[in-house]
Amino acid sequence: KFERGEKCRLRLKSKWCTIPTDNTNPTTNPTTTTTNNNNDHMTTPSTERDHVHAVYDAIATQWHHTRGKRGVLWPGATQFLKSLPKGSMVADVGCGDGKYFPAIWEAGSYVIGMDMSIPLLKTAVGSCHANVGGGGSSTKVGQKEEETKETGEQQGKEEGAAAVGPESRRIHPEKKSLDSRPALIGADCMHVPIKDASCDAAICIAVMHHLSTVERRLRCLSELARIVKVGGMINVQAWAMEQEKNSKRRFAGDDVFVPFNAQPRYLDRVCRDG
């Protein structure tokens, strides 16, 4: 997390780089090696196109079903969102299925979500549940009123049942209009189509480790700094090479492929040119 207007240090691939937040170009520490001296990094490498973009497009339905059902949010991100002043405009760069949208809305802020995967963005629309009354029950946002009517016996059972959906996917009924028509952008984080200094804050969660070069990671950070106002805040989180002892995940190196167990019943087949 860092404040716009100050220099920060972020660790990328076990090396340090300095990210200026005054709209100048990022500079790297002399110990950080780079591979390109031109704008080659602005073109999506085949590694990302084939193993990130195409994969997320294909598994979007399963990704949303499994992640949405569990409702797991990274604690550091939710704490950051709760700390923002109410009414803040937040850019969620790499928002995926919008799992942080409810946390932003419930904190009293507004969000512009952006992701490269259109299939994932589609799952972000109307994916929340609205808390109803004090009985702990909830209904899916966007359901027709007549479909939610229950008989007395059914309603009694519903009130005693667990709320539909995880806590992280529930919002207050008065905010359901935000969920039914969220502000979404399909775009690459190399070119964030948001005006300079137009956001109060930005989050970029679990995105950086999908970018295959140092130059592209620096470009993403530079774009985040560009769209946030001076004095605003940016929260960037990614998978760590260093895992806790009880973690099931171990990485053999800095940049590795991580398998995803796709289930055929959820798999969307996406044909791409080239």
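A residue counts as buried when its relative accessible area is under 20%. The model described here is predicted. At 0% relative accessibility, Cys-204 is therefore buried, and Cys-220, at 1%, is buried as well.

The structure holds 0 disulfides. A disulfide needs two cysteine sulfur atoms within 2.5 Å. The sulfurs of Cys-204 and Cys-220 are each too far from the closest cysteine sulfur for a bond, as the table shows.

| Cysteine | Closest cysteine sulfur | Sulfur distance | Relative accessibility |
|---|---|---|---|
| Cys-204 | Cys-220 | 4.0 Å | 0% |
| Cys-220 | Cys-189 | 3.9 Å | 1% |

Both Cys-189 and Cys-220 belong to the largest nonpolar core, which has 23 residues. The largest share, 5 residues, is supplied by α7. Beyond its neighbours within four places in sequence, Ala-91 contacts Ile-112, Ile-194, Cys-199, Ala-201, Ala-202, Ile-203 and Ile-227. Another core, of 20 residues, lies apart from the largest one and includes Leu-84, Tyr-100, Ala-201 and Ile-203.

In soluble globular proteins, nonpolar side chains tend to be buried together. On the surface, however, Trp-239, Val-256 and Val-258 form a nonpolar patch with about 240 Å² of accessible area together. Val-256 is in the segment after β12 (228-237) and is partly exposed, with a relative accessible area of 40%.

Methods. Residues numbered from 1 in each chain as written. Predicted model: local features only at pLDDT ≥ 70, side-chain atom pairs only at ≥ 80, totals over all residues. Heavy atoms only, no water. Patch = residues over 30% accessible without salt bridge, like charges linked within 9 Å, V, L, I, M, F, W, Y side chains within 5 Å. Areas by Shrake-Rupley, 256 points an atom, 1.4 Å probe, with all protein chains shown as cover. Salt bridge = Lys/Arg side-chain N within 4 Å of Asp/Glu carboxyl O. Helix = DSSP H or I, 4+ residues; strand = E, 2+ residues; numbered from the N terminus. Buried < 20%, exposed > 50% of the residue type's maximum accessible area, 1.4 Å probe, protein only. Core = buried A, V, L, I, M, F, W, Y, C linked by side-chain atoms within 4.5 Å. Contact = heavy atoms within 4.5 Å.
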